[in-house]
Amino acid sequence: MSGSLVIDNIGRLITNDIQLGRGATGQLVDAWVVVTDGLIDSVGTGRTPPADERIDAHGCCVLPGFVDSHSHLVFAGDRADEFAARMAGRPYEAGGIRTTVAATRAASDDQLLARATQLLAEARRSGTTTIEIKSGYGLTAADEARTLTVARRLSDETTFLGAHVVPPEFDGRTDDYVDLVCGDMLAACAPHSRWIDAFCERGAFDVDQSRAVLQAGRSAGLGLRLHANQLGHGPGVQLAVELGCASADHCTYLSDDDVAALAGSDTVATFLPATDFSTRQPYPNARRLLDAGGIAALASNCNPGSSYTTAMPFCIALAVRDMNMTIDEAVWSATAGGAAALRRDDIGTLAAGRRADLIILNTANPIDFVYRPGVHLVATTLIGGSIV
Ligand code: NIG
């Protein structure tokens with residue numbers, strides 16, 4: 001938008017800036033926010049400053065937009081049958097990814113873009129203002145590159161995940177596939193990616209293969225992230241810390257050494273509780289990490305296999321209900337924590353000079369994300385000061 005906008009009559013403003021307000025999320029009461037040219041100009045309390053336009057928050061809560069730092073939004077088909085079987089007792093297996101690979105390879109770019117656009121609109125309605133999008137359902141150089149080209153149309157935060165699983169044509173030849181990922185596939189995908197990622201897990205890639213992929217990505221100028229410790233204890237978290245990854249994602253199984261390593265680093269532990277919900281895995285105890293001084297993010301992991309939701313409020317509800325986070329910690333992790341996981345300082349906080357990405361709730365109290373689960377609480381989402 002051009003000109004200035006003021007949002008006033010805010011019952012509770014969560015800034016995530018401890019210089020600006022009270023508590024760990026920098027909260028103000030009876031507050032206003034002034035936006036100019038898409039950026040926060042100022043925040044304060046008391047008399048509303050003049051502006052060209054005004055939005056009345058009706059005494060409700062305003063907070064930074066959700067920063068969803070882990071999604072697999074570009075895919076075709078669904079896996080509802082696999083989900084139903086899981087609800088009947090079958091365990092989640094990484095091999096199900098191949099079902100979505102086959103459907104994605106068969107889909108046109110237009111079909112992939114149309115589905116991802118629908119999912120993005122759904123995410124926006126529940127308050128997501130930034131979303132990271134991974135590839136990983138193409139697994140040929142051409143299919144990974146076109147997946148990332150589609151993703152780039154929707155977000156600057158794109159991640160090359162050629163090392164998602166070994167595709168069927170490379171059965172028994174994992175090292176050859178890793179060579180492809182580190183060579184021609186990376187060359188085709190790096191121009192469309194900000195990040196590189198690997199699935200370091202039994203049934204996917206081992207620690208040496210994952211290290212090789214991330215190091216090749218770093219040499220190509222990409223930032224590093226890692227799927228770690230999703231299905232069991234393993235070396236993923238330690239590898240993520242060793243390589244200085246921005247984020248270790250999943251962290252469902254954390255040993256004491258993993259917690260200590262994360263807490264002694266600036267690698268963010270990105271928890272994906274909707275995945276643990278959908279795969280019927282135990283929830284991680286985020287308290288251990290937070291009490292040790294680690295940084296946590298919450299993300300949706302939207303994908304058709306292990307977590308088919310875009311709803312960050314649902315992730316907050318699970319984190320408070322089942323992971324021992326306070327509501328303030330969960331809201332921080334879904335906003336500022338996500339920004340930290342993406343190494344971004346322009347989003348996730350409502351302070352002068354930051355992007356005016358924010359949401360206006362239809363309730364004064366964010367505990368309602370947990371207390372009133374499944375209820376639509378996001379009245380308005382603004383990105384760069386414009387309603388979306
Ligand atoms: O993050 N862990 C690897 N990738 C996805 C699973 C994707 C799928 O099952 O299709 C995840 O859970």
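Good morning. I begin with overall dimensions: the chain has a radius of gyration of 20 Å, which agrees with the value near 21 Å that a compact globule of 388 residues would have. That radius is taken over C-alpha atoms, and the globule rule is 2.2 Å times the number of residues to the power 0.38. This is a predicted model, in which local features need pLDDT of at least 70 and side-chain atom pairs count only at pLDDT 80 or more, while totals for chains, interfaces and linings use all residues. Residues are numbered from 1 along each chain as its sequence is written, and side-chain values use heavy atoms, with hydrogens and water left out.

Along its principal axes, the C-alpha trace spans about 70 × 45 × 45 Å. The chain holds 14 helices and 17 strands; these are DSSP runs numbered from the N terminus, helices being H or I of at least four residues and strands E of at least two.

I turn to the domains. Domain 1 comprises 4-65 + 348-387, and domain 2 comprises 67-341, with bounds from an automatic or database domain assignment. Their centres, taken over C-alpha atoms, are separated by 29 Å.

How many residues of domain 1 are in contact with domain 2? There are 22, and they meet 20 residues of domain 2, contact meaning heavy atoms within 4.5 Å. Between them the two domains bury about 1500 Å², 70% of it on carbon and sulfur atoms. Buried area here is the accessible area (1.4 Å probe) that two parts lose on being put together, summed over both. In domain 1, Gly65, Phe369 and Val370 lose the most area to domain 2, together 30% of what that side buries.

Between the domains the count of salt bridges is zero, a salt bridge being a side-chain nitrogen of Lys or Arg within 4 Å of a carboxyl oxygen of Asp or Glu. On the domain 1 side, strand S5 (61-64), strand S15 (358-361), helix H14 (368-371) and strand S16 (378-383) each supply at least two of the touching residues. S16 gives the most, with four residues.

Finally, the salt bridges of the chain come to 23 by this rule. In one of them, aspartate 171 pairs with arginine 98, their closest N and O atoms being 2.5 Å apart. Aspartate 171 lies in the loop between strand S9 (158-163) and helix H5 (174-189), and arginine 98 in helix H2 (residues 97-106), so the pair ties together parts that are 73 residues apart in sequence. Thank you.
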